[in-house]
Amino acid sequence: MTIEQIIAKQEIRELVDEFSILADNRDAKGQGPLFTEDAVLEFQMGPEGEVHEIPGRDAIVAAFERTVGEASTAKAVYHANGQLAVELADDLKSATGTNYCMATLVNDENGQDVITTNYVRYADQYVKVAGRWYIKRRRTCFLISEKRPFNA
């Protein structure tokens, strides 16, 4: 592996981690610049679930705002990223990646705090533009979701 490949993989890891940190800080608007203008967010419940698409950076930010942002019912958000496998294109200008994440949210549901833990697999496409990596496409597959009352 060349030094350029190592650097590219590290930069992509930092992009993935920044996405999660911004979610934990409930900064949906901050997540927007991590995506290309024409990015597509896909999500599905379970590996066999129907895939839903959200096209475009603005629509993606609006979706994040509703789930983790200030406009959401989320009281707390916590992401723990796990393994990340990145496959770089030969020209080091695009890549694909698979990332595993445990995403936990505490929401108010009918006056009661409920904790939802999602075990997620992200399948990403990345592009490098003007020296910076961006998410071009992200498929969020909720492999397992658990809900329970939260006793803080």
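Me: In the loop between which two helices does Arg 26 lie?
Reply: The model is a predicted one. Arg 26 has a positive phi of about 60°, although it is not a glycine. As for its place in the chain, Arg 26 lies in the loop between H1 and H2.

Me: Does Arg 26 count as buried or exposed?
Reply: The relative accessibility of Arg 26 is 18%. Buried means under 20% relative accessible area. Arg 26 therefore counts as buried.

Me: Asn 110 also has a positive phi; is Asn 110 buried or exposed?
Reply: Asn 110 is not a glycine, yet its phi is positive, at about 55°. The residue is found in the loop between S4 and S5. Its relative accessibility is 84% and the cut-off for exposed is over 50%, so Asn 110 counts as exposed.

Me: How much space lies in the largest pocket?
Reply: Elements that each supply at least two residues of its lining are helix H1 (3–24), strand S1 (35–45), helix H3 (57–67), strand S4 (94–109), strand S5 (112–129) and strand S6 (132–149). The space in this largest pocket is about 640 Å³.

Me: Of the residues that line the largest pocket, which are the closest to its centre?
Reply: The largest pocket holds about 640 Å³ of space. Its lining consists of 27 residues. The closest to the centre are Thr 67, Val 68, Leu 105, Asn 118 and Phe 142.

Me: How many residues of the lining of the largest pocket are nonpolar?
Reply: The lining has nine polar and four charged residues. The nonpolar class supplies 14.

Me: Which element gives the most to the largest nonpolar core?
Reply: The largest nonpolar core has 26 residues, and those with the most contacts inside it are Phe 35, Tyr 126 and Trp 133. Two or more residues each come from H1, S1, H3, strand S3 (74–88), S4, S5 and S6. With six residues, the element that gives the most to this core is H1.

Me: How many residues are in the second, separate core?
Reply: In soluble globular proteins, nonpolar side chains tend to be buried together. Val 68, Ala 74, Val 77 and Leu 105 are included in the second core of this model. This separate core is made of five residues.

Me: Which residues does Ala 8 touch, not counting residues up to four places away in sequence?
Reply: Ala 8 lies in helix H1. Its relative accessibility is 4%, under the 20% cut-off, so Ala 8 counts as buried. Trp 133, for its part, has a contact list that includes Ala 8, Ile 12, Leu 15 and Leu 88. With neighbours up to four places away set aside, Ala 8 touches Leu 88 and Trp 133.

Me: How far apart in space are Ala 8 and His 79, C-alpha to C-alpha?
Reply: Ala 8 belongs to helix H1. In sequence, Ala 8 and His 79 are 71 residues apart. Their separation in space, C-alpha to C-alpha, is 23 Å.

Me: Against which elements do the buried residues of H3 pack?
Reply: In H3, the buried residues are Arg 57, Ile 60, Val 61, Ala 63, Phe 64 and Glu 65. These buried residues pack against H1, helix H2 (28–31), S1 and strand S2 (52–55).

Me: How far apart in space are Ala 62 and Ala 28, C-alpha to C-alpha?
Reply: Ala 62 is found in helix H3. Its relative accessible area is 32%, between the 20% and 50% cut-offs, so Ala 62 is partly exposed. Ala 62 and Ala 28 are 34 residues apart in sequence, and their C-alpha separation in space is 7.7 Å.

Me: With which side chain does the side chain of Glu 42 make a polar contact?
Reply: Glu 42 has its place in strand S1. Its relative accessible area is 7%, so Glu 42 is buried. Its contacts beyond four places in sequence include Val 51, His 52, Arg 138 and Thr 140. The polar contact, at 2.5 Å, is with the side chain of Arg 137.

Me: What is the length of the polar contact that joins the side chains of Thr 36 and Asp 38?
Reply: Thr 36 is in strand S1, and at 10% relative accessibility Thr 36 counts as buried. Leaving out residues up to four places away in sequence, Thr 36 touches Arg 57, Val 127, Tyr 134, Ile 135 and Lys 136. The polar contact between the side chains of Thr 36 and Asp 38 is 2.9 Å.

Conventions
Residues numbered from 1 in each chain as written. Predicted model: local features only at pLDDT ≥ 70, side-chain atom pairs only at ≥ 80, totals over all residues. Heavy atoms only, no water. 1 Å grid on protein atoms, 1.4 Å probe; cavity = no way out; pocket = protein on both sides within 12 Å on 5 of 7 lines; lining within 4 Å. Points joined across faces, edges and corners; volume = space filled by probe spheres on them. Helix = DSSP H or I, 4+ residues; strand = E, 2+ residues; numbered from the N terminus. Nonpolar A, V, L, I, M, F, W, Y, C, P; charged D, E, K, R; others polar. Buried < 20%, exposed > 50% of the residue type's maximum accessible area, 1.4 Å probe, protein only. Polar contact = N/O pair within 3.5 Å; in protein donor to acceptor, adjacent residues only side chain to side chain. Contact = heavy atoms within 4.5 Å. Core = buried A, V, L, I, M, F, W, Y, C linked by side-chain atoms within 4.5 Å.
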